[in-house]
Amino acid sequence: MVDIEFEIDGKLVNANQGDSIISIADREGIDVPRFCYHKKLSVAANCRMCLVDIEGNPKAQPACSTPVANGMKIYTKNDKAKNAQKAVMEFLLINHPLDCPICDQGGECELQDVAMDYGSDVSKFNEGKRIVADKGIGALIQTDMTRCIHCTRCVRFGAEVAGIVEMGLTGRGEDVKIEPFLTEGIQSELSGNMIDVCPVGALTSKPFRYEARTWQMNAIQSIARHDLVGSNIYTQTYRGKVKRVVARDNEVVNETWISDRDRFSYEGLNHESRSLSPKIKKNNEWQDVSWEVALDFAVSGLKENTQMPSQFGVLASKHSTLEEFYLLQKLTRSFGSENIDYRLDKADLSIDNSLSSTITLAELESIDHALIVNSYLRLEQPMINHRIRKATLSGASVNTINIKKFDFNYGISLEVLSAPQRTVSMLQSVLKSLHEKTRTTLPKYLSKTKTDVTHNKIADDLIAAENPVIILGEHINSNPSSSNVVGLISEIAALSNAKIANLSLTGNSLSAERVGFKPANGGSDVTSMLSGDTKSFLLMDVDPNYDFISSKLATDTFNKKNVFVVSLNSFEDEQTLSSADVILPLACFYESSGTHINFDGVAQSFSASVSSPGDSKPGWKIIKVLADLLGFEGFDYTDSSQVADDALSIDITVDNNSEVNIEVSEDSQVTAHWQNSPYASDAITRKAKALQETQIGKINDAFVSDLTAKELKLSEGDLYHGVPVSINDSVAEGCVFVHTYQSRQG
Amino acid sequence: MIKKVKKIVKDFGLGELRSGLKVTGKEFINNNITVQFPEERTPISPRFRGLHALRRYPNGEERCIACKLCEAVCPANAITIESEAREDGTRRTTQYDIDLFKCIFCGFCEEACPVDAIVETHIFDYAFESREGSIIDKKSLLAIGNENEKAISKARLEDSKYK
């Protein structure tokens, strides 16, 4: 609705009621200097840099907080506006140190740029400048608070976007400063965005400190692959190394923000355990060899060890690219085997429980009720959590059914605790309650189910909402009855007209689903491969210690004498070295071109930002050459985009509409849920040093309730499979919730 | 006809030789302007741009703060710098190389330096014995600076009134 007409710098423009002058100026391409204004944050109008002259107004007005009005005549460049802006600039520079040469912001600094236009050469201020002592705010952000100009963007970011108020403005006048409230450092999983919003060099990236100047780096468009969102990023490279990752605007994907995991994981690229040359194991000794020798060894080993095609198995990490998934499944199927799987951390592989999401990222903002099942959304999918948070700010309510009460950055109306083994019965009760409330025929399997106030409340909230969504998180993966949960959730969604957001398929799992990277026609899934008689394995970016639901089963299988393991891996970890027979060095994130399919089903392709170190090669090329050497046809690709085109054009219809068969099985045994902390989610993140030093990176607790602890004879501080026990009432009875950066044990 | 006669008189009268000897005779009496390099040197301007040096502060602290402005301004791409935070948290170079084969001695690096760390000295008589010798690293640049600090600061002082 365009209802206002006014003049800006002599140009007649239209705007809506309530638009600020600065937003219209931005739209019209008129440059108004600013520091505190940020399009995604609230208006503070405290820097006063955007003063403009409005005809009839005795004083210049801030463009960010002045709404346009009909017939207004605005001048952004006349003498009055310019003088006002120059005066403000002079004040801002009074206390700003002249240390641009050693400031990491130098070259991309908003203050530097604006000072070029509005500053004067010589300062009239001869008194001493103010110096502010720094307080460390963690391993990710470097502070130089002397440079701060008190725009409060970081404070507003914390309060409005991250949802955790960790910094604030203290003192008055000369003594005013931005300070963290706590000494342990910033806890937010989105904290890195403060670096982006800071207009000066007060907050800069700590891992990047003094490594390169901004003008030296190439910015390459890329996609982050750690979560389901596929955040758009720029990788900034300098002399063939990724030096920094910053957010790239994409309103429908990640808006302007990225998570810390996406921002700082690049550090893992330069880890000392990078695999740099092909290796083969002969007589239990590792030898560095050339690619030809290693590939021949791998191919002959695979052929010799595999009497029947069905003895060959391929396992891939869910963070592989679409191209890698496609070529691997093609290779395996050319081999005559159906043994492929990427669902390494899934306990229940019985039916295909790939519940498809029926909502888009942008739509998540307009929901009015969310039921979160089995997810610590804030840490696991930070950008999706941010959308939900935005919805709650405009009035949406959220209920959760989780193993533990988690620390969300918005209010939860009802937090229901449920141990993994009781999730099915919990959801059954909710479903029954829904049936009763909607007066629909009750299915047989619900006849004995009991409902109580909690279930009724959950059902009520779902029915009452106009736009509800049910979010299924990744904790479901280790639940042995996850197919039942999935079945119940689709029933509940159908009955309550709720949309579904399935976040249990994280990383690039949707690419694997797209190309059918799952056993079909009687092939073995990961568990039966590991416990069956598979004699040769091809592992793609797999870490036996972390990736499997039972790392013991995996390592035992790989370590068997008669099992031949070819591992495509970027890192030479102890476990990889002990279990593999050939290591083919693999290009890591940002070193290979590829495609990621995100929550919305959008395939986002990216090119390599840097070349891979040493002799390592992009995964799709290694698989292509392996296939050629194995003598398979149809691998004549010269470019990863050809692979992607092929992969996206195939239509794999997996019939997964098996009848939901829900059995009530109340298990009274204590179960353990092992959840890796978000900064241990994939190999490169685990190697990123700064991330590991943060509060989230150090998560290492086995939560257990008082009663369960007594039952298990555990007391506070004991080690539960190497993880210190924390007795806590916020965890469901009958289970141990292990949240840790350590690898799975037991 | 007359021309021919004049030529014959000049040729047989050793005209060319005499005019040559006139110059020799003049220079024989005049002051000698030959400089006995390297024992003797001609005076050079304080702005002379010769071999590079990295300077230190009087307390021994190196001046260079790795701002890389010289690297950015260098039209011949002769400067290569790597930097990191030193143990005390200050910004320092770990590598500072100048390729003297690439360098065109324009003096932009000197102009760009905010802390007067990289300077061009009056040294012009240097030689390399190998191709790699053309690249001088941070250590030798600092050593040149240490040796010539007096001359460097004197030249800066002399030139300062014109800046």
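Strand β15 (residues 312-316) of chain A and strand β16 (residues 340-341) of chain A run parallel, joined by two bridges. Strands here are DSSP runs (E, at least two residues), numbered from the N terminus; two strands pair if DSSP finds at least two bridges between them. A:V314 stands opposite A:I340 in β16(A).

This is a predicted model: local features need pLDDT of at least 70, side-chain atom pairs count only at pLDDT 80 or more, and totals for chains, interfaces and linings use all residues. Residues are numbered from 1 along each chain as its sequence is written, and chains are lettered from A and ligands numbered from 1 in the order in which they are written.

β15(A) also pairs with strand β22 (residues 536-540) of chain A.

β15(A) is mostly covered, with five of its five residues buried. Buried means that 20 or more other C-beta atoms, placed from the backbone, lie within 10 Å of the residue's own. A:F312, A:V314 and A:A316 point one way from the strand, A:G313 and A:L315 the other.

Now the helices. The axes of α8 (residues 322-335) and α18 (residues 619-629), both of chain A, come within 9 Å and cross at roughly 15 degrees. The two helices are therefore roughly parallel (angles under 35 degrees). Axes are lines fitted to C-alpha atoms over the stretch in contact, and angles run from 0 to 180 degrees between N-to-C directions. Helices are DSSP runs of H or I, at least four residues.

Methods
Angles under 35 degrees count as roughly parallel, over 145 as roughly antiparallel, 65 to 115 as roughly perpendicular and the rest as oblique. A residue is buried if 20 or more other C-beta atoms lie within 10 Å of its own, exposed if 12 or fewer, and partly exposed in between; C-beta atoms are placed from the backbone.
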